[in-house]
Amino acid sequence: MASEAYPLPQVGIGTDIHAFEEGRELWCAGLKWDGEGPGLAGHSDADVVAHAACNALFSAAGLGDLGQHFGTGRPEWSGAPGTVLLTEAARIVREAGFRIGNIAVQVVGPRPKIGKRRDEAQKILSEAAGAPVSVSGATTDGLGFPGRDEGLMAVATALVVRDGRDG
Ligand SMILES: Nc1ccn([C@@H]2O[C@H](COP(=O)(O)O)[C@@H](O)[C@H]2O)c(=O)n1
Ligand SMILES: C[C@@]1(CO)OP(=O)(O)OP(=O)(O)OC[C@H]1O
């Protein structure tokens, strides 16, 4: 347990995976990617980067996960943009008495090429979270389900610290 006077930062981990589906727009890292092949199947916009970031925030704060807060049984989140979910996740985490240090997310799959629009992605996600969000990519070198072009994965970490005022 962290000291109440000087609470230690808490790390969290989050992942998300969605399958590609023909006819869907591709939303990833808060951006729409045209001409990069099919989009991702999901109840919301299926933005794996934003969802992994939400999972990491909830994990860091000990507040469960995406499904607990935005379950598929809740029609208000149907089609929701990842950035909206990230803003709401950050609000919930802050309301529970935490400050958000940063979030780091890595896309696992060959497309979309994050490097082409990294600044844009980091800006829109950082604005959504109200804290710095960094985004990177790794291809898997053709291996596994991303290599077979079946779907896309993202992995995230987040750092939060309990607000001293609540300590
Ligand atoms: N979705 C992705 C995947 C990769 N990148 C960039 O390519 C580099 C090489 O990837 P490896 O998996 O072969 O290491 C990676 O370091 C990224 O710069 C990307 O932008 N988007
Ligand atoms: C976000 C939610 C809710 O719209 O639906 P999906 O877009 O399917 O995404 P998933 O990552 O499976 O997370 C949980 C759901 O609560």
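1. One pair to click on is Thr-15, whose bridge partner in E7 is Val-155. Keep in mind as you go through these notes that this is a predicted model.

2. Zooming out, the sheet is open and has 5 strands, ordered E4-E1-E7-E5-E6, with mixed pairing. At the edges sit strand E4 (39-40) and strand E6 (133-138), each of which pairs on one side only. As a reminder, strands of a sheet pair through backbone hydrogen bonds, either parallel or antiparallel.

3. Now for the E4 side. Strand E1, residues 9-21, runs antiparallel to E4, and 2 bridges join them. In that pairing Glu-21 is opposite Gly-39 of E4, while Phe-20 faces Leu-40 of E4.

4. Two helices pack on this sheet. Helix H1 (residues 48-61) touches E1, E4, strand E5 (98-108) and strand E7 (151-162), and its direction makes about 150° with that of E1. Helix H3 (residues 82-95) touches E5 and E7, with its direction at about 145° to that of E5.

5. H3 also has a helix partner. Its axis and that of helix H4 (residues 118-129) come within 7 Å, crossing at roughly 35°. On the H3 side the contact is made by Thr-83, Leu-86, Thr-87, Ala-90 and Arg-94, and on the H4 side by Ile-124, Leu-125, Ala-128 and Ala-129. By class, the residues of this H3 contact with H4 split into 6 nonpolar, 2 polar and 1 charged.

6. On to the ligand. Which residues are around ligand 1? They are Gly-109, Pro-110, Pro-112, Lys-113, Ile-114, Gly-115, Gly-137, Ala-138, Thr-139, Thr-140 and Asp-141. Sorted by class, the shell around ligand 1 holds 4 nonpolar, 5 polar and 2 charged residues.

7. If you are setting up a pose check, here are some backbone distances to look at. A nitrogen atom of ligand 1 is 2.9 Å from a polar backbone atom of Pro-112, and a nitrogen atom of the ligand is 3.0 Å from a polar backbone atom of Ile-114. For Gly-115, a polar backbone atom lies 2.9 Å from an oxygen atom of ligand 1. How much of the accessible area of ligand 1 does the protein cover? On its own ligand 1 has 460 Å² of accessible area, and the protein covers 62% of that.

Terms used: Residues are numbered from 1 along each chain as its sequence is written. Chains are lettered from A and ligands numbered from 1 in the order in which they are written. This is a predicted model: local features need pLDDT of at least 70, side-chain atom pairs count only at pLDDT 80 or more; totals for chains, interfaces and linings use all residues. Side-chain values use heavy atoms; hydrogens and water are left out. A residue is near a molecule or strand if one of its heavy atoms lies within 4 Å of it. A polar contact is a pair of N or O atoms within 3.5 Å; within protein, one must be able to donate a hydrogen and the other to accept it, and residues adjacent in sequence count only if both atoms are side-chain atoms. Accessible areas come from the Shrake-Rupley method with a 1.4 Å probe; for residues, only the protein chains shown count as cover. Ala, Val, Leu, Ile, Met, Phe, Trp, Tyr, Cys and Pro count as nonpolar, Asp, Glu, Lys and Arg as charged, and the others, Gly among them, as polar. Two strands pair if DSSP finds at least two bridges between them. Helices (H or I, at least four residues) and strands (E, at least two) are DSSP runs, numbered from the N terminus. Contact means heavy atoms within 4.5 Å. Axes are lines fitted to C-alpha atoms, for helices over the stretch in contact, and angles run from 0 to 180 degrees between N-to-C directions.
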